[in-house]
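This briefing covers fold, charged surface and salt bridges. Definitions are given where each term comes up.

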Amino acid sequence: MVRRLTSSWNALKHGAFSRHSVLPGECAADFEKLRRAVTVEFKPAGPLEEDVVDSVVRLIWRKQNMGTYRRAKSAKALISAIRSRYHSYEQCAAGSFVTPTASERAEENALREDLGTAAELADMEAVTTDYLLDELAVLDRLDASIDRCLKRLLMVRGVKSMSIKSP
């Protein structure tokens with residue numbers, strides 16, 4: 001049985017998104033299948049190698065599921081179009097928002113029902129290509145720092161191995 005994974009928006013808005021590789025509407029079983037296949041291919045030994053393999057899996061998954069971001073963008077546009085037609089979503093002079101009418105809520109709820117998991121994606125600030133690019137940039141910087149530390153460690157080990165062999 002293939003189960004679709006759904007996440008709560010509340011959990012995601014507090015930074016948990018970075019830990020979630022599978023977004024609403026994506027198949028958790030397919031992600032696990034990919035994770036197992038890549039793990040078997042690389043046979044990681046130890047936490048460092050496991051981290052590298054996990055990064056590879058998440059990047060392959062994002063690459064294979066870029067459609068999720070297109071669905072989120074489209075859903076956001078549709079919901080925004082409905083909201084823009086009604087004055088209740090416009091900011092009042094006092095700085096607060098007017099409560100939407102029952103018909104406005106009903107129209108948006110009907111659209112959300114039609115969109116399914118895409119509506120959940122539309123509510124997630126973290127499901128944008130800008131967010132993805134920012135996250136990848138941070139991960140790239142972290143990986144570069146890890147790479148520098150590993151190079152330093154290898155150099156130190158190399159120097160130690162030469163000094164042990166010297167009389």
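The secondary structure of the chain comes to seven helices and zero strands, where helices (H or I, at least four residues) and strands (E, at least two) are DSSP runs numbered from the N terminus. From the N terminus on, the order of elements is α-α-α-α-α-α-α. This is a predicted model, in which local features need pLDDT of at least 70 and side-chain atom pairs count only at pLDDT 80 or more, while totals for chains, interfaces and linings use all residues. Residues are numbered from 1 along each chain as its sequence is written, and side-chain values use heavy atoms, with hydrogens and water left out.

**Burial**

- Of the 167 residues in the chain, 26% are buried; buried means under 20% relative accessible area, exposed over 50%, and partly exposed in between (1.4 Å probe, protein chains only).
- Accessible areas come from the Shrake-Rupley method with a 1.4 Å probe, and for residues only the protein chains shown count as cover.

**Helix α3**

- Helix α3 has 18 residues and reaches 25 Å from its first C-alpha to its last, close to the 26 Å expected at 1.5 Å a residue; the expected span is 1.5 Å times one less than the number of residues.
- Val-53, Ser-55, Val-57, Trp-61 and Arg-62 are the buried residues of α3.
- Asp-51 also lies in helix α3, and Asp-51 is partly exposed, with a relative accessible area of 34%.

**Negative patch**

- Glu-49, Glu-50, Asp-51, Asp-54, Asp-140, Asp-143 and Asp-147 form a negative surface patch.
- Patches are made of residues with over 30% relative accessible area and no salt bridge, with like charges joined within 9 Å and nonpolar side chains (Val, Leu, Ile, Met, Phe, Trp, Tyr) within 5 Å.
- Lys and Arg count as positive and Asp and Glu as negative, while His and the chain ends are not counted; the place of a charge is taken as NZ of Lys, CZ of Arg, CG of Asp or CD of Glu.
- Helices α3 (47-64) and α7 (129-165) each supply at least two residues of the negative patch, and the largest share, four residues, comes from α3.

**Salt bridges**

- A salt bridge is a side-chain nitrogen of Lys or Arg within 4 Å of a carboxyl oxygen of Asp or Glu, and by this rule the count is four.
- One of them joins the side chains of Glu-32 and Arg-35 at 2.7 Å, N to O.
- Glu-32 and Arg-35 are three residues apart in helix α2 (residues 28-42), so about one helical turn separates them.
- Glu-32 is partly exposed at a relative accessible area of 29%, and Arg-35 is partly exposed, also with 29%.
- Glu-108 forms a salt bridge with Arg-112, with the closest N and O atoms 3.1 Å apart; both lie in helix α5 (residues 102-115), four residues apart, about one turn of the helix.
- Glu-108 is buried, with a relative accessible area of 7%, and Arg-112 is buried, with 19%.
- The side chains of Arg-112 and Asp-123 meet in a salt bridge of 2.8 Å, N to O. This pair links distant parts of the chain, with Arg-112 in helix α5 and Asp-123 in the loop between α6 (117-122) and α7, eleven residues apart.
- Asp-123 is partly exposed, with a relative accessible area of 31%. Salt bridges that share partners join Glu-108, Arg-112 and Asp-123 into one network.
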